[in-house]
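Colleague: I've got a structure open and I'm a bit lost. Could you walk me through how to read it?

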Amino acid sequence: MQALVLAGGEGTRLRPLTADVPKPVLPLAGRPFLGFMLDWLGRHGVDDVLLSCGFLSDAVEEALGDDWRGIRLRYVREREPLGTGGPLRLAYDEGLLDERLYMLNGDVLCDFDLTAQRERHAETGALATIALTAVEDTSSYGVVPTAPDGQVEAFLEKRPGPAPTNRVNAGCYLLEREVAERIPSGAAASMEHDVFPSLCMNGLYGFHAEGYWMDIGTPERYLEATWDLLEGRIASDLPERDAGGSLVGEGSVVEGARIGPKAVVGERCVVGAGTVVDHAVLHDGVTVGERCALERCIVARDVRIEDGARVEAGAVIGAGAVVAAGATVGAGARVEPGERVG
C-alpha cells in the first residue's frame, strides 16, 4: 500500500522553530514529527511512502533517509509551491503512483483506523474517500456535509453561525490514481478548492473517522500534542516517562533541577540546579543555568539560558539564541534564531 505525504510547507506559523528546520522533521517528543505519521501508516500496511518536499527538502531527506522501519521512502521535489493538489499530479507525471494510494497532510498527528477507511472505500466504489473528524468549534474550519449514503455534498468554507455538520476535512484521503489525472500538469492546484468540489455527489465519499486528531501547525498545538504523547493519549513507542510524565534525552544532565510535569528535555542538554522546567520542551543541546524558570514554552536547539532567567508561557526561542542572566522572555514572545535577550 502506498501513501503520498505533503511535506513541502514552510511552517510559517511555527516560526522561529522552522526558520532552519523543516516542519516535517521538527522534533516532537524527541523524534522527527513525521516519524509518528510513518509509524501509524506502517501499522495499517503502508510500505511505500512518497514525500512531497519543497522548503528545505534536502534536510528532510537527510533526517529520514530512504527507509523508515521497513517503509520505503521516496522524494518528490516541488521546484515551486504546487499547493495541495499539484504534488499529486507531479508524482503521477513522474510515474510513481500506484492504482490506489493514501494522501495525507504532513502536519497532522492522528490515529484513525486507516484500514477501516480502506474497507469503506472498496465498499462504495469511490474515486476518493476523505476522513472527516468531528470538532467542537467549527468556526475555524470548513465543514463537509454528507448525504445518507456517505457521498460528500459540498465543501463549505469556514463562516460564523451554525454549520450543517461538525465534521471537517481531516487531511487524510484514499484516492484512485484517476483523481491525479484530473489535475492540470505543471501548475499549482488545491484538493479542497479545485479537485474535491468537482467530485461532490460524483464519486467522493466521506469516512467518519474516530480517534485522536491534531494539526500541530502552531506552537500552542505543538505543545498540546507533546503533552498528549507523554500522557499516552495517542499510540507511540516513546521511551518510558519518569514519575512526572517527562522525557529526558540521552547525554543530558539535569541533577538538582525539577523536570516536569510533562516536560521534554532533548539530548545533550544541561539544566542547572534549582531550575524548573514545567510543561516545557527543550530541543537538543540546550544549556540552562541555575535557578531558572521555564514554563509551557519551546526552546530550540543550542539555546543558552543563563542563571536566574525566566521564560514564560507560550514563548518560543529560536535556535542558538541567548537569554542573559536574570532576563525574562515574556509570555507569548518570539525570539529569533541567534538573537540575544538582555
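Modeller: Let's start with holes inside the protein: there are two cavities of 30 Å³ or more. A cavity is a set of points, on a 1 Å grid over the protein atoms alone, where a 1.4 Å probe fits but cannot get out. Grid points are joined across faces, edges and corners, and a volume is the space filled by probe spheres set on the points.

Colleague: Before we go on, what kind of model is this?

Modeller: It's a predicted model: local features need pLDDT of at least 70, side-chain atom pairs count only at pLDDT 80 or more, and totals for chains, interfaces and linings use all residues. Residues are numbered from 1 along each chain as its sequence is written, and side-chain values use heavy atoms, leaving out hydrogens and water.

Colleague: Okay, so which residues line the largest cavity?

Modeller: Lining residues have an atom within 4 Å of a point. For this cavity, with about 80 Å³ of space, they include Phe33, Trp40, Leu109 and Ile234. Helix α1 (33-43) gives the largest share, six residues. By class, the lining has nine nonpolar, one polar and two charged residues. Here Ala, Val, Leu, Ile, Met, Phe, Trp, Tyr, Cys and Pro count as nonpolar, Asp, Glu, Lys and Arg as charged, and the others, Gly among them, as polar.

Colleague: Is α1 mostly covered or mostly open?

Modeller: Mostly covered: nine of its 11 residues are buried, among them Phe36 and Trp40. Buried means under 20% relative accessible area, exposed over 50%, and partly exposed in between (1.4 Å probe, protein chains only). Helices (H or I, at least four residues) and strands (E, at least two) are DSSP runs, numbered from the N terminus. Just after α1, Gly45 takes a positive phi of about 85°.

Colleague: How do I read the sides of a helix?

Modeller: An α-helix has 3.6 residues a turn, so residues three or four places apart point the same way. Now look at α6 (residues 191-199), where Met191, Glu192, Val195, Phe196 and Leu199 are buried. They sit on the same side of α6 because they cover an arc of only 110° around the axis, taking the directions from the helix axis to the C-beta atoms. These buried residues pack against several elements, including α3 (86-93) and β10 (167-176), where contact means heavy atoms within 4.5 Å.

Colleague: Which elements give two or more residues to the lining of the largest pocket?

Modeller: A pocket is an open set of points with protein on both sides within 12 Å along at least five of seven lines. The largest one holds about 1100 Å³, and 41 residues line it, with Thr84, Asn105, Asp107, Glu192 and Asp215 nearest its centre. The elements giving two or more are β10, α6 and β12 (213-215), and β10 gives the most, with five residues. Spot Glu192 again: it is one of the buried residues of α6.

Colleague: And how do I read a sheet?

Modeller: Strands of a sheet pair through backbone hydrogen bonds, either parallel or antiparallel. In this model, five strands form an open sheet in the order β16-β19-β22-β25-β28, with parallel pairing. Two strands pair if DSSP finds at least two bridges between them. The edge strands, β16 (270-271) and β28 (340-341), each pair on one side only. Inside the sheet, two bridges join β19 (residues 287-288) to β22 (residues 304-305), and Val288 stands opposite Ile305 in β22.
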